Amino acid sequence: MNVGYCFFILIGSFKCHLKCWFEMSGTLLDINQTGKNSGVEQRSIDRVCLACVSKVAASNMSQKIISDFFKDGGGQKAKEKKSSNDGGHEEEEDEMPSSSGQLSPQLMLTGCESISEATSPVTAEATSVPDDGPVQPSAHSFPARRFGKETFSRSFNSGWFQRWMWIHYVKEHDIALCFHCCSAIKKGLIHSDAAISGGSFVKGGFRNWRKATEKCNSHEKSRCHIEAVHKLAALKSTPINALLSNAIAKNQLTAQTVLELAFRSLKFLGREGLPIRGQDHRDGVFWQLMLERTYADPAARDWLLRRDNWMGCECQNEILELLAHAVQRKIMAEAQSSPYYGLIADGTTDITSCEQFSCHLFYTDQQFTQKCQFLGFYNAADTTSETLFRCIKDLFLRLNLPLNKLQGYCFDGASNMSGKFSGVQARLGKECPGSLFVHCVNHSLDLVLQEVAREVPLISETLQFVQSVSVVIRESAKRKSLFELSFGEEEERCSLLGLCPTRWSVRATAISRVKRSFGAVLQTLQTLQQDRNIRGDTRSKIGGILKQAQKGKTMFGLICSESLFTPCEVVAKVLQAEHSTVAGVLECVRTLGERVRALRTEDAVDEMLRKTTASAAAHGLKMPDPNVRLVKTPSRFRDTAQAEDIVPSKGVPAWKRVF
């Protein structure tokens with residue numbers, strides 16, 4: 001009955017409102033074809049002018065019947081038709097404000113033009129967005145509207161600006177646009193036809209706040225939005241996923257913070273020479289330092305505990321390698337301004353018996369200050385002169401240093417480095433004519449001291465005694481503790497040092513410490529010799545060392561060695577100084593020669609003998625008999641008639657002659 005009554009009202013108002021129907025539906029049928037209802041499209045009935053219907057209705061009941069009909073019947077058909085089109089426009093039906101699901105009295109009492117303007121969606125084009133960024137007025141008072149049958153009003157939520165950074169709000173029309181999509185269309189990065197998947201966020205404007213979360217998430221995943229973000233990201237360095245989501249941008253910012261802390265922490269540990277890794281990646285100094293540095297930043301601490309793969313050894317080595325390359329680039333940038341270069345190279349083996357070829361670069365800066373920079377260790381395939389020469393050429397090539405600027409190079413005395421015909425210095429001389437080779441003066445001094453230690457029995461026996469005492473006492477914690485307890489209350493305590501063949505400045509220190517603590521050494525050796533808990537072979541070794549320590553000759557050797565090696569090691573430290581000069585080196589060599597020649601005088605030897613006699617008396621050492629019997633060579637073994645110069649073969653005179 002309601003349906004029939006509704007059609008009765010429509011037929012009664014057919015003539016006076018037919019023109020309005022055709023304008024609303026877009027149908028261009030002539031007025032003479034009023035009898036042909038089949039030519040009128042279905043949407044002409046769905047979108048019938050509500051103002052005209054309100055004029056025909058005579059009572060509230062008729063208004064309700066008409067509105068319910070077009071809302072439940074015709075309106076449902078309109079929704080079905082719109083749902084078949086692009087999904088971006090399906091919210092237009094919900095954008096019509098309503099108070100209680102019925103038609104508003106103000107709309108029903110207005111004319112056709114005013115209602116059409118109120119119900120049609122506000123349109124906005126992509127060109128309306130600014131170039132400097134989306135407009136996001138967080139403090140703006142957003143207007144509220146009702147949607148559908150809801151009894152409350154909804155408005156734009158300012159929190160959406162933080163959740164979706166691409167939202168551009170238009171105050172004049174209370175709509176939202178996608179800034180990225182509109183900017184891409186405006187700049188011609190994507191075609192306007194490709195913006196169909198962008199929906200109302202691209203053209204027309206979005207205002208259905210009831211479905212804001214759903215539609216914004218859907219738009220973020222649309223083909224139009226992803227393509228726009230990729231095209232815009234190509235124009236600048238902003239990460240694509242940071243543009244897609246604010247949450248990802250925050251996560252990236254936290255990751256950058258943790259990565260910067262990791263770089264700075266490894267830089268600190270590497271500079272100070274501290275250990276980095278423990279038993280695993282969640283152990284060691286580096287891990288504990290990162291936990292301390294992220295204590296005040298909960299987000300960084302959570303990210304570190306959740307993504308701790310950056311603490312692994314592979315990432316640590318990669319970061320250290322990047323830092324090493326950065327240091328090298330800084331050195332090269334400073335060295336390239338120098339007109340000449342110098343090179344120091346030497347090779348040695350590490351604990352794994354791998355050859356390590358080290359290189360140092362000498363140059364002067366713009367203030368003519370001498371600089372010596374370590375360039376790194378390089379694994380050479382072998383130690384031949386050809387291989388080491390190719391390593392040096394490859395080093396200069398990779399560091400972008402012209403080899404023709406190499407004017408000086410310093411190596412040790414090995415034949416593969418200092419060989420006159422096929423050594424590295426000879427090959428570099430052919431590549432760099434006019435360059436100068438210098439044999440390492442410190443290495444030359446060490447070679448002389450080693451030769452003295454081998455050829456002079458007094459010095460070699462003394463060095464062997466110092467090394468044996470150091471090894472016996474230091475190899476056990478119990479013996480070391482016993483040695484420390486052997487010092488008197490007024491005696492200065494000192495620890496023993498072993499001799500190292502590659503450390504040129506420890507011989508004098510090791511000899512001096514044994515001489516100063518000679519009483520404690522004697523007492524410790526005597527106690528250890530009587531200890532039955534020590535193995536027999538070790539006690540025999542300790543007994544031999546004790547027997548040698550109880551001789552005055554050992555003390556004389558300690559005093560002589562200390563007098564010889566102390567000035568030599570002072571010169572060695574000067575030669576190793578970073579700012580040493582040629583004039584300073586020559587002066588040191590001249591002074592050292594004078595000091596060594598002074599030790600060979602009679603007064604110097606007598607002073608050393610006096611010190612030996614005093615120490616022997618203090619420690620109960622056995623000195624030789626001063627009345628040495630002179631022994632002449634039998635005449636049958638002599639081939640000359642000249643008088644023989646009789647020289648004592650034992651005792652103090654023999655010590656003086658040997659020294």
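Of the 659 residues in the protein, 38% are buried. The model described here is a predicted one. Its secondary structure comes to 29 helices and 9 strands. The protein exposes about 38700 Å², and carbon and sulfur atoms supply 53% of that area. Among contacts with a separation of 6 or more, 62% are between residues 24 or more positions apart.

Strand β6 (residues 355–364) runs antiparallel to β7, and 9 bridges join the two. Within this part of the sheet, phenylalanine 362 stands opposite cysteine 372 in β7.

The next stop is a pair of helices. Two packed helices are described by the angle between their axes and the distance between the axes. Helix α21 (residues 457–474) packs against helix α26 (residues 552–575) at an angle of about 100°, and their axes are 9 Å apart. Because angles of 65 to 115 degrees count as roughly perpendicular, α21 is roughly perpendicular to α26. On the α21 side, the contact is made by Leu458, Ile459, Glu461, Thr462, Leu463, Phe465 and Val466. Helix α26 contributes Lys553, Thr554, Phe556, Gly557, Leu558, Cys560, Ser561 and Phe565. Sorted by class, this contact has 9 nonpolar, 4 polar and 2 charged residues.

One residue of this contact deserves a visit of its own. Phenylalanine 565 has its place in helix α26. Its relative accessible area is 1%, so phenylalanine 565 is buried, the cut-off being under 20%. Leaving aside residues up to four places away in sequence, phenylalanine 565 touches Leu449, Ile459, Leu463, Arg507, Ala508 and Ile511. Two of these partners, Ile459 and Leu463, are among the α21 residues that make the contact with α26. Phenylalanine 565 and threonine 509 are 56 residues apart in sequence, with a C-alpha to C-alpha distance of 9.1 Å in space.

Terms used: Residues numbered from 1 in each chain as written. Predicted model: local features only at pLDDT ≥ 70, side-chain atom pairs only at ≥ 80, totals over all residues. Heavy atoms only, no water. Axes fitted to C-alpha atoms, helices over the stretch in contact; angles between N-to-C directions. Helix = DSSP H or I, 4+ residues; strand = E, 2+ residues; numbered from the N terminus. Parallel < 35°, antiparallel > 145°, perpendicular 65-115°, else oblique. Contact = heavy atoms within 4.5 Å. Nonpolar A, V, L, I, M, F, W, Y, C, P; charged D, E, K, R; others polar. Buried < 20%, exposed > 50% of the residue type's maximum accessible area, 1.4 Å probe, protein only. Pairing = 2+ DSSP bridges. Areas by Shrake-Rupley, 256 points an atom, 1.4 Å probe, with all protein chains shown as cover.
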